[in-house]
Amino acid sequence: MDKPKHILLIIGGGIAAYKASELIRLIKKSGMTVRCVLTESGAQFVTPMTLAALSENEVHTTLWSLKNETEMGHIQLSREADLIVICPATANLLAKMAGGIADDLATTLLLATDAPVMAVPAMNVRMWQHAATQRNIKQLQNDGIMVMMPDEGDMACGEYGPGRMPEPEAVMTQISSLMSSAFSSTSEFAASELGANPLDGQPAFAPDQHRPLHGKHILVTAGPTREPIDPVRYIANRSSGRQGFAIAAAAAEAGAKVTLVAGPVHLATPVGVLRVDVETALEMEAAVEAALPANIAIMVAAVADWRADSRSEQKIKKKGDAPAPLQLTENPDILAGLARHAQRPDLLIGFAAETEKIAEHAKAKLAKKGCDWIVANDVSGDVMGGADNSVHIITAHGSEIWERLPKPEVARQLVQKIIEEIG
Ligand code: CTP
């Protein structure tokens, strides 16, 4: 039997802290274990005694407890969790997290963790709408933190608007959905590296079976490949992986099981996505093969067309005259190979990076590669590595153009088009 999932619940100081008790009860009822960390201001609203009784675990409140540090140090506390939930997350706590401040137990372990983190903000409407809070939320999403948007309604302070903590049942639905994902183990969620959260948006809250891509396996390739020349040099390209990661995130939000084969990029792994890191085109080809069968494949990676014939084991030294010419070999075309594969996905989508005659070249690529759709982008400007994208979608039935949109929006629209296609 699987080990029960373990939730580390950080309770910030706000009137909504009382709802944490109900959340603990729901987590326990679902068969998961929970351990609580209470901030100093959180302790103004709920007592450690209540939380300890409900969670049946010791409650941690300070960094400076000799007993805790010898028995369960803050690093271990942050590492043993399958998911860290901050509920309620106050404006202050969010600001400290966004700034990387670690001045108490909660913020220190948040900085030390490699577990996925979900924040459930709750605060007065004006605090929520303040530019600083909104900036911090964006930053946290970019850092790979999931943020569950607050509800709108009457607030304890007498005002009306967004800022209310969602009901514990809704938070629990989200926790269950994340933990029941086929890929919810801590290692597979992977630590957030520097970089953008590809969807800079919200996790889906609908239970899995109600999401439109539930039961589908979607394979996505993303990023560049890197083809070594010697131990220090390589052939690569400017792809940042942002578009592919955004598509993987959007597909996972829509309920799909997603395998993301990623070239070397500095991006956080989208929630619920199984990421397989590769470096070279040959490794990418093998990872794609290993991920089959898939219902849908979206090949966004900018695969290097060539690799060095042979990789020098030693760094190639300058000799004062012209260097020996690089001998190159063409890499396999992973997309075309998949189109001919016995386990060809039902819907196979290629991307095309073009600098001129976009639609014309993309149409030719659709035929040449044997895929069902081509998403072509004009990479003559700042698209490669940039935040926005303009695309031509070419299918057997025609084409459409999506003018300059943020990459997460292109991802959402593409996933929506896939949902409509597979009905
Ligand atoms: N692709 C692939 N394997 C390769 C090269 C490209 O799977 N060795 C895939 C890309 O992931 C993308 C599509 O093919 O989905 C088109 O990639 P692109 O670089 O635009 O086309 P190329 O085939 O490299 O053609 P060219 O460089 O001549 O434009």
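Apart from its neighbours within four places in sequence, Ile84 makes contact (heavy atoms within 4.5 Å) with Leu8, Ile10, Ser78, Leu109, Leu110, Thr113, Ala115, Pro116, Val117 and Met118. Ile84 belongs to strand E3; strands here are DSSP runs of E with at least two residues, helices are runs of H or I with at least four, and both are numbered from the N terminus. The relative accessible area of Ile84 is 0%, so Ile84 is buried. Buried means under 20% relative accessible area, exposed means over 50%, and partly exposed lies in between, with a 1.4 Å probe and protein chains only. This is a predicted model, in which local features need pLDDT of at least 70 and side-chain atom pairs count only at pLDDT 80 or more, while totals for chains, interfaces and linings use all residues. Residues are numbered from 1 along each chain as its sequence is written, and side-chain values use heavy atoms, leaving out hydrogens and water.

Strand E3 is part of an open sheet of five strands with parallel pairing, in the order E2-E1-E3-E4-E5. The edges are strand E2 (33-38) and strand E5 (146-147); each has a single partner strand, so one side of each lacks a neighbour in the sheet. Two strands pair if DSSP finds at least two bridges between them. Strand E1 (residues 6-11) and strand E3 (residues 83-89) run parallel and are joined by four bridges. Ile7 has Leu83 as its bridge partner in E3. Across E1, E3 and strand E4 (117-121) lies helix H5 (residues 91-98), which runs at about 135° to E3. For that angle, axes are lines fitted to C-alpha atoms, for helices over the stretch in contact, and angles run from 0 to 180 degrees between N-to-C directions.

The protein chain is divided into domain 1 (6-200) and domain 2 (217-312 + 326-422), with bounds from an automatic or database domain assignment. The C-alpha centres of the two domains are 34 Å apart. Between Ile84 and Leu338 there are 254 residues of sequence separation and 38 Å in space, C-alpha to C-alpha. Ala336 is in helix H13 (residues 334-340) and counts as buried at 10% relative accessibility. Ala336 lies 49 Å from Leu23, C-alpha to C-alpha, at a sequence separation of 313 residues.

Two charged side chains sit over rings, a term that requires NZ of Lys or CZ of Arg within 6 Å of the ring centre and within 35 degrees of the ring normal. The charged end of Arg226 is over the ring of Tyr234, 4.3 Å from its centre. The charged end of Lys417 is over the ring of Trp373, 5.2 Å from its centre.
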